[in-house]
Amino acid sequence: MQLSFQDTDHRISRIIAGVLIAAGIIMIAVYAIEGSSGPLHRLQQGMHAVMAPVETVGSGIGAAADAAEEAVADATADEATLTALRDRNAELTQLLTQAEEYRLESERLRELLELKDIYKLEGVSARVIGRSTDAWNQTITLDVGEEDGVTPGLTVMGPAGVIGQVMEASPSSCLVRLLTDPNSGVAAQVQSSRVEGIVRGSLTGALELENVSADAEVVQGDVVLTSGLGGSFTKGLLIGTVVRVEGNAKDGTRVIVVAPNQDVSSLEEVTVVFSASESARIIRKDMLDGGASDATQADGGSQDGGGSSDGADAGTDAQGGEDA
Amino acid sequence: MMAVFGMETAGAVIAVLLQAIVAPYLAIGPALPNIALAFALAYAAASQRTNVVIMPFLVGLAYDLLGSGPVGGMALLALLAAILIQALIARFGNGTFFVPVASIVIALFLVNVLYALVCTTCGADVGLGEALLYRSLPAWAYDTVAALVIYPLIRFFLRPKPQELDLTSIS
């Protein structure tokens, strides 16, 4: 009798497994075929919107890790000294930590404002509330969405240049594909020589300048900007600096590696760009060095932020080749 | 039996939440742990039942929906991996830790390699070799560590109670 029940149980399990395998294969096929407005993509976007508030919980984990590190450092100090000072310093430490947190935050926001002034940007500041949950995609979630005027396709900037583009927007949050994502592609040009190409992300985390004509000369230290071609990224914004040129342009093996000007993994505040004025072509040397000094004019003309969803489709499509 | 299902469901929900909230901050270089997958496969290995199929599929589907990869990819692979693990344990299991652990490691390797194939087939703009080198292998290593931490915990929680042992011996 027991065996009979087990047989039935196994048979049902096999049927369920078969149905689920078929469902999985169908879903993969549909996902690959359908566009970004297909039902599975929409379901995925809906899930992102639902989970955005939950992901904010995780943003405190980074701070907790730093605090733990500090605690370990304290534990290695002389115990007697620590005991004598602990009570006296407890309250002050708490206040100081809080003040330091405010200071760092204000510094970051000031940098963002400074950047807004330089580029005469119109946009909205946002906090990073979530990061990619899988290793295959480089994305961040921001706490601004359609209610703040954010639409797919808008350029997103950190304190020292472009970091990515809005891929999805829900009422109160948005998902940004970072430039370092392998599926990301942005039309770019070298500031000094005006050579054009496409900056792509890669699995190694480096940015590579591709589709550059073989006779164009690109050297280490060249500044790379968005070119605005394709209309998906605002023109003239800083992407990074050429740090390495490998291979030979003549035989098609040249690889131009571009270093972004900031470490995206530690970003907490960013700006979603609605539009930039004429001065979007102004690049300051200090932005490359991390200090503050003169500005240099790079190019003329103006370019809108590409806030339409069409721009989004052009700029953040999985193939990333549209900018070409 | 209901308690086991309750534990399976609760564990799956916690694993998915950890994947959404904690995993992004546990990145080591290019590797990010797939806590959801590690739980699903560790559970499949630790469970005495041989019909753990729905939970791995749903956990994999949740992972797909949380991320930006092809929906259904991880769901399908997690289900196939769970079936593989249970088949390996049914065939070679001898009550020790070795067979389940080896099955988990093999299954995780296959899942990560096949997921790279699914991603590159579904439009990821990278070569398969690059994907295997820079994503699959680091992810496999990280997932293995996560699964090897989770597996003994599940096995502990699923250990037969003394009353259950008695009933089993009577039947």
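Visitor: How many residues does the contact take from chain A and from chain B?

Guide: The contact takes 42 residues from chain A and 40 residues from chain B. Two residues are in contact if their C-beta atoms, placed from the backbone, lie within 7 Å. This is a predicted model: local features need pLDDT of at least 70, side-chain atom pairs count only at pLDDT 80 or more, and totals for chains, interfaces and linings use all residues. Residues are numbered from 1 along each chain as its sequence is written, while chains are lettered from A and ligands numbered from 1 in the order in which they are written.

Visitor: Which element gives the largest share of the side of chain A that touches chain B?

Guide: H1(A) does, with 14 residues. Helices (H or I, at least four residues) and strands (E, at least two) are DSSP runs, numbered from the N terminus. Helix H1 (2–33), helix H2 (39–75) and strand E1 (121–131) of chain A each supply at least two residues of that side.

Visitor: What makes H2(B) largely enclosed by the rest of the structure?

Guide: Apply the cut-offs. A residue is buried if 20 or more other C-beta atoms lie within 10 Å of its own, exposed if 12 or fewer, and partly exposed in between; C-beta atoms are placed from the backbone. In H2(B), 12 of the 12 residues are buried, so this helix is largely enclosed. Among them are B:Ile35, B:Phe39 and B:Tyr43.

Visitor: What span should helix H2 of chain B have, and how far apart are its end C-alpha atoms?

Guide: The expected span is 1.5 Å times one less than the number of residues. For the 12 residues of H2 (residues 35–46) of chain B, that gives 16 Å. The end C-alpha atoms are 16 Å apart, which agrees.

Visitor: Why are E9 and E10 of chain A called a pair?

Guide: Two strands pair if DSSP finds at least two bridges between them. Strand E9 (residues 223–226) and strand E10 (residues 238–246) of chain A have three bridges, in the antiparallel sense. A:Val223 stands opposite A:Thr241 in E10(A). Both strands belong to a closed barrel of six strands, E6-E7-E8-E11-E10-E9 (chain A), with antiparallel pairing.

Visitor: Where in chain A does pLDDT stay under 50?

Guide: Over residues 278–324. pLDDT is the predictor's confidence in each residue, from 0 to 100. Where pLDDT is low, the predicted coordinates should not be read in detail. Chain A has a mean pLDDT of 75, and 74% of its residues reach 70 or more.
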